[in-house]
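Student: Please take me through this model feature by feature, giving the general idea of each term before the case at hand.

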Amino acid sequence: MAFDRNVFINCPFDKQYLPMLRPLLFTVLYLQFRPRIALETLNSGAPRVTKIMGLIRGSQYGIHDLSRIQAKKKGEFFRLNMPFELGLDVGCQVFGKGNWRKKKCLIMEVEPYRYQAAISDLSNSDIAAHGGDPYRVVLEVRKWLNREAKLNAPGATHIWTRFNEFMAANYDKLRAEGHSPAEIAELDAGELIRAMNVWLRRNRS
Amino acid sequence: MAEKKANYHVIPEPTGWAVRRSGASKATKLFETQSDAVKYAREDAKKRNTDVYVHTRDGSISSRNSYSGTNPKPPKK
């Protein structure tokens, strides 16, 4: 798909973040963009950073969720991949030429200004606070893509409702195929994207 | 996978809980609590022989009640 429809998604892909990742991916797909995630190329032989740079180079848009970079307990390391990949994306825009100058970033956090304690260089950047609320992810991503890509997108509540309908249809489909509720709850990003694409082809409204 | 009939969904929204029919642009009814929304949806679904999906805050399914006889069978263990 074309550079101007690709959205690089920089966020955790663990089980704890899935409640936020699902509506994020759905909103991007609903608005007819293509989410580009590191997991899609992990099986190839190239170093991870090379794959990430390829995704960044190929995406006009980038969504960076910094809400989970903080260590949760004593002795745990600060998670540096996400701020590092944000830096690569910003660098591509600033130092690149041609289409790369058109790159746009959305930075998300739990609370406004919390990130400044860790990355004060981002002061005055456009940060959206989602408060850890899945609905607010839809609201913020829709608002940003609508503005930056000059869309005439339906409202966030409409997209949120369609997302809930997808979750119900996907639940029924997977249960009928023999998946347990616990397996459905942990469906990974790649499978989710495929299922969302299939559902949206038949049910977009 | 496509939903042909209009099932009910109990969905969390910023101002409370909405009961919505599949594909509808407007909520059928809004409630302050999830339990009131679920009660209304189940009663109406029985009359219409349709299904009710109760969603969690992240959109996942917390329960599904079928009044249409289409409840997917759980996997055999």
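**Burial, salt bridges and contacts**

Tutor: Asp44(B) counts as buried, at 12% relative accessibility, where buried means under 20% relative accessible area, exposed over 50%, and partly exposed in between (1.4 Å probe, protein chains only). This is a predicted model, in which local features need pLDDT of at least 70 and side-chain atom pairs count only at pLDDT 80 or more, while totals for chains, interfaces and linings use all residues. Residues are numbered from 1 along each chain as its sequence is written, chains are lettered from A and ligands numbered from 1 in the order in which they are written, and side-chain values use heavy atoms, with hydrogens and water left out.

Student: Which side chain meets that of Asp44(B) in a salt bridge?

Tutor: A salt bridge is a side-chain nitrogen of Lys or Arg within 4 Å of a carboxyl oxygen of Asp or Glu. Here the side chain of Arg48(B) meets that of Asp44(B) at 3.0 Å, N to O, and Arg48(B) is partly exposed, with a relative accessible area of 45%.

Student: Where in chain A do Arg136(A) and Glu140(A) lie?

Tutor: They are four residues apart in helix α4 (residues 134–148) of chain A, again separated by about one helical turn, and their side chains form a salt bridge of 2.8 Å, N to O. Arg136(A) is partly exposed at 31%, whereas Glu140(A) is buried at 8% relative accessibility.

Student: Which parts of chain B does the pair Asp51(B) and Arg64(B) tie together?

Tutor: The side chains of Asp51(B) and Arg64(B) meet in a salt bridge of 3.2 Å, N to O. Asp51(B) lies in strand β4 (residues 51–55) and Arg64(B) in strand β5 (residues 61–66) of chain B, so the pair ties together parts that are 13 residues apart in sequence. Both Asp51(B) and Arg64(B) are buried. Elsewhere, salt bridges that share partners join Lys104(A), Arg147(A) and Glu148(A) into one network, and the whole structure holds 15 salt bridges over all chains.

Student: How many salt bridges does the rule find across the interface of chain B and chain A?

Tutor: Two are found there. A contact means heavy atoms within 4.5 Å, and the contact between the chains takes 28 residues from chain A and 26 residues from chain B. Buried area is the accessible area (1.4 Å probe) that two parts lose on being put together, summed over both; for these chains the value is about 2100 Å², of which carbon and sulfur atoms give 62%.

Student: Which residues of α2(A) are buried?

Tutor: Lys51(A), Ile52(A), Leu55(A) and Ile56(A) are the buried ones. They cover an arc of only 140° around the axis, which puts them on the same side of α2(A), the arc being that of the directions from the helix axis to the C-beta atoms. These buried residues pack against β1 (6–10), β2 (34–36) and α3 (81–95) of chain A.

Student: What does Glu40(A) touch?

Tutor: Leaving out residues up to four places away in sequence, Glu40(A) touches Arg34(A), Pro35(A) and Leu55(A). Glu40(A) lies in the loop between β2 and α2 of chain A and, at 35% relative accessibility, counts as partly exposed.

Methods
Helices (H or I, at least four residues) and strands (E, at least two) are DSSP runs, numbered from the N terminus.
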